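Here are some notes for a first reading of this structure, written as numbered points. Please keep the sequence and the 3D view side by side while you work through them.

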Amino acid sequence: MGEPNQRRLYQVWQGSNKFLCGGRLIFGPDAGSLFLSTVLIVAPLVGLCCQCITKMNSISSEKQVLGLPVLTATIVLGLADLAFLLMTSSRDPGIVPRNARPPESCGGGDEEGVAGDVTTPSAEWVTAASPHLRLPRSKDVAVNGCVVKVKYCDTCLLYRPPRASHCSICNNCVHKFDHHCPWVGQCIGLRNYRFFFLFISTSTLLCVYVFVVSWLNIVAHKDGNDGSLLKSMAGEPLSVVLIVYTFVSVWFVGGLTVFHLYLMSTNQTTYENFRYRYDKKENPYNRGALSNIAEVFCAGIPPSMNNFRSWVAPPPLEEPDDVGGQLPPRNGADLTGGVKEKVDLEMGRNGGIIPAILRGLDYDEMEKNDVSVHIKDRGAAPAAPDPFMAGRWHNEDCESTPTAVSHHVNSERL
């Protein structure tokens, strides 16, 4: 058991994922689309099963195609398809763990080829909290004798591994990122691509199976309708609906299966195929069709790099920044996020730091009430003034504006 102030990793995960069963199942933010996909799969199978049960209970002497064997095969294929769908959508696709801070090894030297204080086109500020830290936006990595560029991810604060990309929907970097599939509500990556391919190929097989069985059922009743195919179709309206439905669906899932069979045999991902066009340059990952296919189905699935059920301690409180001889903030001033904010009371551009007492004041309401504070003795400080009032200050000879109040506050701090 963890300590009372500890939480599990999935409870503080910064991605957009949804977790179930205490972090054992991980879904994408659009996991609701699973319901639609399940209905599209189950609905025609239920219709075919109902037909099989009706034909089995019929006392007609006509030859029946729909019987117990068809019913059994329909249930087995349907359950297999739903299982592959769930295994695709409910597992970690290969999420790369985030860094809590940028890689500091690149900040003070030239380990990545860019010095910390040199401005180059390939280096940019990484974070306002560490203005001295610069990192190259990409670096070269050797893969199978070929040079591959890997990019720095500003969200995950790391250099992405080769073939990894950041999914804007799940807000994670994913190993061997293929695409984000809205039908399964999950990214497709290194750890679930096998099940995704089995899902779409099984869906294609189901469409072909239901299409063929429905046609055979219509043809079997043609003799009982004077050899007329149209009369037989009119007598089996559910079979006609299933034929139309599966004919339209097979173009989508079948085309997707053929496309991914090509990608798998050439060891590409959908992202790489559309972005890099390996047909126009060398693919460093291609090892031949058989080896590429064996890599998908025969190689072991690597374990997840994130233990979402592990206990994590709360982040430590940041100490005031006193580097360089600077004194810690006084009078309750707070350095939000450890970064000095350049904020002005009205314009947001003055160099002072807002004290905590100024935060949350409703200046519009003060302006509306037009509160006036009269100072009778110019040489003596007022007994109990509110120096943060946004109304006008009057005395016998002068009138101070809210801008003057800001300068008055800054002079008091000095």
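1. How many aromatic pairs does the count come to? In this model, which is predicted, the count comes to 10 aromatic pairs. In one of them, the rings of F19 and F308 have their centres 5.1 Å apart and their planes at 50 degrees, so this pair is tilted. The two residues come from distant parts of the chain, since F19 belongs to strand β2 (residues 18–20), while F308 sits in the loop between α8 (289–297) and β13 (311–312), 289 residues apart. Both F19 and F308 are buried.

2. The rings of F177 and Y271 have centres 6.0 Å apart, and because their planes stand at 70 degrees, the pair is edge-to-face. F177 is in the loop between β10 (172–174) and β11 (179–181), whereas Y271 is in helix α7 (residues 270–275), so the pair ties together parts of the chain that are 94 residues apart in sequence. With a relative accessibility of 9%, F177 counts as buried, but Y271, at a relative accessible area of 27%, is partly exposed.

3. Aromatic residues can also be looked at as groups. Which residues form one aromatic cluster with Y10? The cluster is made of Y10, W13, F19 and F308, and it therefore contains both rings of the tilted pair described in the opening point.

4. Turning to the strands, β6 (residues 138–143) and β7 (residues 146–153) run antiparallel and are joined by six bridges. Within this pairing, V141 stands opposite V148 of β7, and V143 has C146 in β7 as its bridge partner. The hairpin of β6 and β7 has two residues between the strands, and N144 takes a positive phi near 50 degrees there.

5. Strand β7 also pairs with β8 (residues 158–159), again in the antiparallel sense, over two bridges. Here Y152 stands opposite Y159 of β8. The hairpin of β7 and β8 has four residues between the strands, and in this hairpin L157 takes a positive phi near 60 degrees.

6. On the surface, L36, L40, W183, Y245 and F252 form a nonpolar patch, which together has about 460 Å² of accessible area. The elements that contribute two or more residues to this patch are α2 (33–56) and α6 (237–265).

7. Finally, please look at the cysteines, for which a search of the whole structure finds zero disulfides.

Notes: Residues numbered from 1 in each chain as written. Predicted model: local features only at pLDDT ≥ 70, side-chain atom pairs only at ≥ 80, totals over all residues. Heavy atoms only, no water. Pairing = 2+ DSSP bridges. Patch = residues over 30% accessible without salt bridge, like charges linked within 9 Å, V, L, I, M, F, W, Y side chains within 5 Å. Areas by Shrake-Rupley, 256 points an atom, 1.4 Å probe, with all protein chains shown as cover. Salt bridge = Lys/Arg side-chain N within 4 Å of Asp/Glu carboxyl O. Disulfide = S-S within 2.5 Å. Phe/Tyr/Trp six-rings, centres within 6.5 Å; stacked < 30°, edge-to-face > 60°. Buried < 20%, exposed > 50% of the residue type's maximum accessible area, 1.4 Å probe, protein only.
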